[in-house]
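Biologist: I have this one open and would like to walk through it. Can you take my questions as they come?

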Amino acid sequence: MSNTSEYDVASYILAKQGEMTAMKLQKLLYYSQVWSMVWDEEELFKADFEAWANGPVLPTIYQVHRGIFKVNTELFKAKGNAGKITGDAADTVDQVLNVYGTKTAQWLSNLTHEEDPWLDARNGIPATQSSNVIIQKGDIHSYYSGL
């Protein structure tokens, strides 16, 4: 599965869900990666999330949507291929969308703020202060495996 990129997964999510806020896309990417690591024992993509003030963020995806509130498939056409998400990866992302896809961006952000991987990565950094500390994949796997 690691031959897929965060752009492929973003394209897949947007193709399934339609236009959404950039923040919501970031959180759906996060939970897709989380549950792929737990259920499939594989990363969906190699990129690391950083513990930003609004929750986990992929800087590579942020560079694509910077300054844009609502994102859609058009934005990721050049870099992402939704068709690369198949098999277990597609099943996992579909399950994530079934559970988290109807939630608001703010609800998803609040949820990440209650979970150890984001909290541990920020480790005392004030809530509104920016941070580019990486949320360690090992921390993600051990926390969510225990849920």
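**Walking through the model**

Modeller: Let's start with one histidine: H65 is found in helix α3, which covers residues 59–65. Keep in mind that this is a predicted model.

Biologist: Is H65 buried or exposed?

Modeller: H65 counts as buried, because its relative accessibility is 5% and the cut-off for buried is under 20%.

Biologist: What is H65 in contact with, leaving aside its neighbours within four places in sequence?

Modeller: Leaving those neighbours out, H65 is in contact with A22, Q26, V71 and L75.

Biologist: New topic, the nonpolar core. Which residues touch the most other members of the largest one?

Modeller: Those are I13, L25, L29 and Y31, in a core of 40 residues. The helices α1 (6–17), α2, α5, α6 (105–113), α7 (116–122) and α8 (137–145) each supply at least two residues of this core.

Biologist: Where does the largest share of this core come from?

Modeller: From α2, with 10 residues. As background, nonpolar side chains in soluble globular proteins tend to be buried together.

Biologist: Take L25, then. What is L25 in contact with, apart from neighbours within four places in sequence?

Modeller: With those neighbours set aside, L25 is in contact with A10, I13, L14, M20, I61, V71 and F76. V71 is also on the contact list of H65.

Biologist: On to helix packing. How do α2 and α5 cross?

Modeller: The axes of α2 (residues 22–40) and α5 (residues 87–100) come within 9 Å, and they cross at roughly 125 degrees. That angle makes α2 oblique to α5, because angles of 65 to 115 degrees count as roughly perpendicular and those over 145 as roughly antiparallel. The crossing of α2 past α5 is right-handed.

Biologist: Which residues meet there?

Modeller: On the α2 side they are K24, L28, Y31, S32, W35, S36, W39 and D40, and on the α5 side D88, A89, T92, V93, Q95, V96, L97 and Y100. By class, this contact of α2 with α5 has nine nonpolar, four polar and three charged residues. Y31 was also named for the core, among the residues that touch the most other members.

Biologist: And α1 with α5, at what angle do they pack?

Modeller: At about 50 degrees, with the axes of α1 and α5 11 Å apart. The two helices are therefore oblique to each other, and α1 passes α5 in a right-handed crossing.

Biologist: Which residues of α1 and α5 meet?

Modeller: V9, Y12, I13, K16 and Q17 in α1 meet A90, V93, D94 and L97 in α5. The contact of α1 with α5 divides into six nonpolar, one polar and two charged residues.

Biologist: Now the loops. What is the phi of E41?

Modeller: Phi of E41 is near 55 degrees, a positive value in a residue other than glycine. Most residues other than glycine have a negative phi. E41 lies in the loop between α2 and β2 (50–52), and E41 counts as exposed because its relative accessibility is 56%.

Biologist: What about the phi of N123?

Modeller: Phi of N123 is near 25 degrees, again a positive value in a residue other than glycine. N123 is in the loop between α7 and α8, and with a relative accessible area of 65% N123 is exposed.

Biologist: Last one, I134. Where does I134 lie?

Modeller: I134 lies in the loop between α7 and α8. I134 is partly exposed, at 35% relative accessible area. Beyond its neighbours within four places in sequence, I134 is in contact with D48, F49, E50 and A121.

Conventions
Residues numbered from 1 in each chain as written. Predicted model: local features only at pLDDT ≥ 70, side-chain atom pairs only at ≥ 80, totals over all residues. Heavy atoms only, no water. Helix = DSSP H or I, 4+ residues; strand = E, 2+ residues; numbered from the N terminus. Buried < 20%, exposed > 50% of the residue type's maximum accessible area, 1.4 Å probe, protein only. Contact = heavy atoms within 4.5 Å. Axes fitted to C-alpha atoms, helices over the stretch in contact; angles between N-to-C directions. Parallel < 35°, antiparallel > 145°, perpendicular 65-115°, else oblique. Left-handed = near helix turned anticlockwise from the far one by under 90°. Nonpolar A, V, L, I, M, F, W, Y, C, P; charged D, E, K, R; others polar. Core = buried A, V, L, I, M, F, W, Y, C linked by side-chain atoms within 4.5 Å.
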